[in-house]
Amino acid sequence: MSHRTGMSRGVLLLALLCAVSFGAIVRVALAGDNYHVTCVEHGFYGGSDTTDGSYFARVNAGCSSTYRYCGIMAGAYEVGSDELYTSTGTCNSWSRTYGDYTECVGGANLNDPGSFSQHYHLFSGSC
Amino acid sequence: MLRRVKFFVALLVAVVAGVAGASAVMGSTDPDPAGADAAALEPDGTGAAIVATAADPDAARGGTPAPRWAVRVYRSQNGAACPDANRTVGGDFGRVDGDGSFHPLALGATGECAELSADHPYELVVRHFPADDRRAARAVVFGVVSTAVSAITLTVDGTAQSVPIANGAYLAAIADEDAATTSVTFALANGTRQVQALRSDPVVTEP
């Protein structure tokens, strides 16, 4: 005969699921990631550390796009960029390729004429 | 009282386990997050190699010697070839800042990963480095190719130069202001050629 602890297994399981969701939200929020899918996934990717100065501007392949652009923003300035002239490959620009920048004011300048117009994705986390 | 203590202990354990579980599910994102498709960008653990280097345009004109440009290639977890272009000093891959200092760059999910195929025998990337106090802006043309590509020619303002293919990758550096008058020709083993003119204004939506 089992001993009753005061909490059912169901409640514990529910708490665990809520905690996993909470943990995922915390991680994304801290990362400052800011991406979405307009035919292809693209955006600003910051990772879990908002102080390491390492972040990315990315445009995935797809939707028959033959040209993609991903630029690294530091404040109001674009400090470097990549162009991809082929439908294969990921446009993947890394901040440290060009220098050491403050992630909190980082951003991505993105363009994929086959899928979306030029626009910016900025850091969206808390510093 | 004992029930309350048990409840809070259980809650604490659940939260810690939840955050840890979320981290495990989402994978490592520090310092090089790969986003939703991590396997397409994250290195497979076998390392990377500098497979080709190229002189800076200033060196070709007899200017102050500058570290050579380099393309480093690694394999992603899903088997794609991932080239990354920057400088090389003493065999290391890294960045040269405006003060001339060299900063090695650790391997991460930093490549322009491409899965080559019969329909897509090459990748063409142009990386733009802005000018600084010492150097003019540069455009570095690089990528990976399959064995279906037999030769690459870079034509800058009407002047053609051959770009060597080394271990399936290639690299050339030009003045950024010349990019608008540059084209890249890929000669394929089947006898055909494909020419790609670079854009004068990369961000403009329409060419």
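Buried means under 20% relative accessible area, exposed over 50%, and partly exposed in between (1.4 Å probe, protein chains only). By this definition Arg95(B) is buried, because its relative accessible area is 2%.

The model is predicted: local features need pLDDT of at least 70, side-chain atom pairs count only at pLDDT 80 or more, and totals for chains, interfaces and linings use all residues. Residues are numbered from 1 along each chain as its sequence is written, chains are lettered from A and ligands numbered from 1 in the order written, and side-chain values use heavy atoms, with hydrogens and water left out.

A salt bridge is a side-chain nitrogen of Lys or Arg within 4 Å of a carboxyl oxygen of Asp or Glu. The whole structure holds ten of them over all chains, including these:

| Pair | N to O distance |
|---|---|
| Arg127(B) and Asp82(A) | 2.7 Å |
| Arg95(B) and Asp100(A) | 3.3 Å |
| Asp58(B) and Arg138(B) | 3.3 Å |

Strands (E, at least two residues) and helices (H or I, at least four) are DSSP runs, numbered from the N terminus. Arg127(B) lies in strand β6 (residues 125-129) of chain B and Asp82(A) in strand β5 (residues 77-84) of chain A, so this pair joins two chains. Both Arg127(B) and Asp82(A) are buried. They also belong to a network of salt bridges with Arg72(B), Asp84(B) and Glu112(B).

Asp100(A) counts as exposed, at 57% relative accessibility. Asp58(B) is partly exposed at 31% relative accessible area, whereas Arg138(B) is buried at 5%.
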